[in-house]
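Please read the following note with the model open beside you, and check each point as you go.

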Amino acid sequence: MTFKKKWWQTAVAYQVYPRSFQDSDGDGIGDIKGITSRLNYLEKLGITAIWLSPVYASPMDDNGYDISDYEDIASIFGDMAAMDELLAEADKHGIKIIMDLVVNHTSDEHAWFIEAKKSKDNEFRDYYVWRDEPNDLTSAFSGSAWELDEASGQYFLHLFSKKQPDLNWENEKVRQAVYDMMNFWIDKGVGGFRMDVIDLIGKIPDDEITGNGPKLHDYLHEMNQATFGDKDLLTVGETWGATPEIAKLYSAPEREELSMVFQFEHISLSHEPDQPKWDVIDLDKSKLKTIISKWQTDLAVGQGWNSLFWNNHDLPRAISIWGNDAEYRVQCAKAFAILLHLMRGTPFIYQGEEIGMTNYPFETIDQVEDIESVNMYAERLAQGYKPEDIMVSIRAVGRDNARTPMQWDATDNAGFTTGQPWLAVNANYQTINAEAALADKDSIFYTYQKLIALRKQNDWIVYGDYELLETSDNVFAYLRHFEGRQYLVVVNFSDATALFESQLTGGKGIIANRQIPNDLTKVLLQPWDAFAIEVVSD
């Protein structure tokens with residue numbers, strides 16, 4: 001290798017959504033002490049880092065992604081002493097804490113915005129984006145992206161909730177304040193940052209440019225140099241519009257920006273191009289293979305770095321929307337894991353994924369907390385949609401599907417809380433829970449554990465080349481090539497049997513969710529079969 005290896009290339013990260021992970025004080029809301037209490041579980045799984053969704057002070061209009069003080073902790077999650085303890089205890093378990101950095105916007109209750117609203121001449125006015133007249137930009141949470149401030153007669157920009165005003169990154173004082181805050185957390189010993197909607201900070205609102213603005217990469221390079229550039233930290237940008245070429249701009253080492261990006265091209269396959277995510281369509285498996293393979297081949301080692309994920313706090317459970325979370329739930333969850341974790345990139349596991357948690361069967365809007373879903377429901381109701389049709393969309397792709405409390409055991413509220421949970425626990429917790437998974441040596445948990453261990457022990461997984469094999473649509477098969485050796489991964493991505501044919505000769509078995517075949521010339525795959533094996537070509 002001619003490039004410098006980094007710890008985060010062999011890492012596996014685990015996203016914790018604090019509100020839903022573990023409640024330590026019985027108020028029904030997960031907290032920092034709850035996370036600390038579960039570090040033994042996470043160490044057993046084998047993960048290297050925790051991506052911690054926001055725990056900063058916040059009025060919680062968007063569950064913490066609306067920050068009122070970047071250097072304080074929301075009281076519902078604990079205090080700074082609890083945060084310091086989590087950092088120290090995680091370090092003892094060999095786990096780094098990756099903070100969620102939300103700097104495209106703040107809360108409207110942040111001191112900067114409170115000052116900015118006082119007058120047009122206030123020194124903080126230019127920390128945000130103000131215009132005399134709105135244009136056609138829309139909010140990701142429905143409606144206009146502009147809100148009138150009646151006191152001054154001007155409109156401020158909010159690409160998300162009206163309680164999340166956008167920061168003006170053209171203002172050097174804003175940038176410096178953000179860098180000072182990042183260094184505050186770096187000094188505390190965090191292992192890096194996941195950067196929320198970071199591709200929006202270069203926006204040019206007057207030209208209706210939001211993502212990938214012309215100054216975006218200048219800002220990120222400046223951030224790198226002012227904060228983490230000389231530190232060994234993991235930095236990952238949430239970049240919805242990224243292509244492999246754009247990803248290289250973010251993550252090529254010589255550019256000195258970020259470690260890697262989250263790209264969402266595969267996630268967009270749940271709906272028609274340029275249509276709302278709520279209008280769900282069947283997965284085109286051929287397109288899925290093409291997109292995932294493109295990111296494996298086009299983002300070559302040394303040219304950039306990719307992340308690998310199926311799930312996060314904004315997405316439905318992958319096995320529910322694209323798999324079979326009923327009859328084949330266990331096989332399906334293992335197949336998703338094997339398919340992804342043997343690819344090149346840094347894997348991110350979302351809490352509960354490792355035990356096969358599923359979407360929640362929401363029946364009415366009263367059961368939903370997510371602001372995006374609630375706003376969409378009201379908007380579509382006004383447009384004449386039937387309530388039952390809107391709920392079909394929310395059950396499929398609503399963000400609360402990922403946010404139901406972690407299912408720890410079969411006791412009341414799945415062991416998440418002794419109180420009333422902030423969001424209902426899925427009724428299937430009595431059979432789908434971590435305690436049951438740990439007791440079953442053939443559980444989904446141990447498949448994830450083995451995959452994490454394999455990545456730590458095998459450079460072919462981390463750095464090897466990738467080759468997609470030609471198969472039927474339902475079969476996803478690829479080879480990894482490394483130092484003259486080949487490794488075959490085969491997954492039947494369906495509920496039906498499927499045939500896999502090859503001229504390969506099998507060698508050492510690596511992992512499987514049923515069994516590894518002896519003969520690779522013709523393999524009749526059962527639904528959701530998945531295996532990996534070292535092979536030789538005839």
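1. Arg131 has Tyr155 as its bridge partner in strand E8, and E8 itself covers residues 154-157. Strands E6 and E8 run antiparallel to each other and are paired over 2 bridges, where pairing requires that DSSP finds at least two bridges between the strands. This is a predicted model, in which local features need pLDDT of at least 70 and side-chain atom pairs count only at pLDDT 80 or more, whereas totals for chains, interfaces and linings use all residues. Residues are numbered from 1 along each chain as its sequence is written, and side-chain values use heavy atoms, with hydrogens and water left out.

2. The open sheet to which these strands belong has 3 strands in the order E6-E8-E7, with antiparallel pairing. Strand E6 (130-131) and strand E7 (146-149) are at the edges and have a single partner strand each, so one side of each lacks a neighbour in the sheet.

3. The chain as a whole contains 17 helices and 20 strands, which are DSSP runs numbered from the N terminus (H or I, at least four residues, for helices; E, at least two, for strands). Its radius of gyration is 23 Å, close to the 24 Å given by the globule rule for 538 residues, so the chain is as compact as a globular protein of that length; the radius is taken over C-alpha atoms, and the rule is 2.2 Å times the number of residues to the power 0.38.

4. Of the 538 residues, 60% count as buried, meaning under 20% relative accessible area with a 1.4 Å probe, protein chains only.

Terms used. Buried means under 20% relative accessible area, exposed over 50%, partly exposed in between (1.4 Å probe, protein chains only).
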